[in-house]
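Let's take a walk through this structure together. Keep the sequence and the 3D view open side by side, and we will go from the sheet to the helices and then to a few single residues.

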Amino acid sequence: PSMDIYEKTEKLAPVMGPSATLGSTEGVAKEGVLITPSSYVPRENLNDLRILIVDDNRFQRSVTKSALSVKGIFGFGEANSARAAVDSLRENTFDLIVIDNNMPDETGIEFTRRIRQGETGANVEIPVIMVSSSGEASMVAEARNAGVHEFVLKPFSVTTLMERIRTTFKYPRKFIRAPGYVGPDRRWRDVGSFNGVERRTRPDV
């Protein structure tokens with residue numbers, strides 16, 4: 001698919017443009033494609049979110065927790081590797097995963113693919129926000145095609161991260177199961193239940 005790259009303030013990485021129309025009836029498999037409503041309902045109060053932070057850098061995990069605590073979120077789990085994240089997901093219930101891409105045992109992209117394939121013990125539809133110090137378009141595209149909801153470039157401000165979390169939960173995306181892709185709908189116009197009220201002028205992950 002073609003790429004539309006935009007640049008956002010607050011150091012958000014470039015994001016890939018909308019994918020081609022999949023041509024499926026919602027909730028019905030057609031030509032190997034199944035589109036279903038999001039498994040979580042829209043929400044604006046984020047204070048009770050349970051977030052798993054996956055990053056091999058202890059200081060970065062602490063920074064992320066402190067930043068979100070300022071915004072009233074206090075439910076956290078931590079993992080310093082993909083393996084530790086799997087253990088945590090099997091033992092606990094989380095609403096969101098914030099994961100670094102650059103980890104020693106497995107990249108965040110690889111781990112997201114495993115989540116979407118049901119190999120980690122997590123709900124395959126759990127929202128995933130990826131953070132990375134690299135914002136190369138090819139890597140952002142790979143993350144998007146692995147099934148992440150959002151991509152944020154390090155270093156990020158608490159405002160940037162909260163904006164992405166808020167968008168994820170305020171406008172739940174339909175979920176796609178198709179040959180070669182399992183993850184949130186990448187077509188922004190189909191996100192949530194806008195009813196034509198709110199649109200973005202730029203594409204999203």
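In what follows, contact means heavy atoms within 4.5 Å. Helices (H or I, at least four residues) and strands (E, at least two) are DSSP runs, numbered from the N terminus. This is a predicted model, in which local features need pLDDT of at least 70 and side-chain atom pairs count only at pLDDT 80 or more, while totals for chains, interfaces and linings use all residues. Residues are numbered from 1 along each chain as its sequence is written, and side-chain values use heavy atoms, with hydrogens and water left out.

Let's begin with the sheet. Five strands form an open sheet in the order β3-β2-β4-β5-β6, with parallel pairing; two strands count as paired if DSSP finds at least two bridges between them. At the edges stand β3 (75–79) and β6 (150–153), each with a single partner strand, so one side of each has no neighbour in the sheet. From one strand to the next, the twist averages 20°. Angles here run from 0 to 180 degrees between N-to-C directions, and axes are lines fitted to C-alpha atoms, for helices over the stretch in contact.

Now look at β5 (residues 128–132), which is joined to the parallel β6 by four bridges. Met130 has Phe151 in β6 as its bridge partner, and Ser132 is partnered by Leu153 of β6. To get from β5 to β6, the chain passes through helix α4 (residues 137–146) in a right-handed β-α-β crossover. Right-handed means that, with the strands pointing away from the viewer, the path from the first strand over the helix to the second runs clockwise. Another right-handed β-α-β unit is made by β4, α3 and β5. β4 and β5 pair in the parallel sense over four bridges, and Val98 has its bridge partner, Ile129, in β5.

How well covered is β5? Five of its five residues are buried, that is, under 20% relative accessible area, with exposed meaning over 50% and partly exposed in between (1.4 Å probe, protein chains only). In a regular strand the side chains alternate between the two faces of the sheet. Here Val128, Met130 and Ser132 lie on one side and Ile129 and Val131 on the other, and all are buried.

Turn next to the helices. Helix α2 (residues 82–91) lies across β2 (50–54), β3 and β4 (96–100), running at about 165° to β2. In helix α5 (residues 158–170), the buried residues include Leu161, Met162, Ile165 and Phe169. The buried residues of α5 pack against β2, α1 (58–70), β4, β5 and β6.

Finally, two single residues are worth a visit. Glu125 sits in the loop between α3 (108–116) and β5; with a relative accessible area of 10%, Glu125 is buried. Its side chain makes a polar contact of 3.3 Å with that of Arg177, a polar contact being a pair of N or O atoms within 3.5 Å where, within protein, one must be able to donate a hydrogen and the other to accept it, and residues adjacent in sequence count only if both atoms are side-chain atoms. Val70, in helix α1, counts as exposed because its relative accessibility is 68%.
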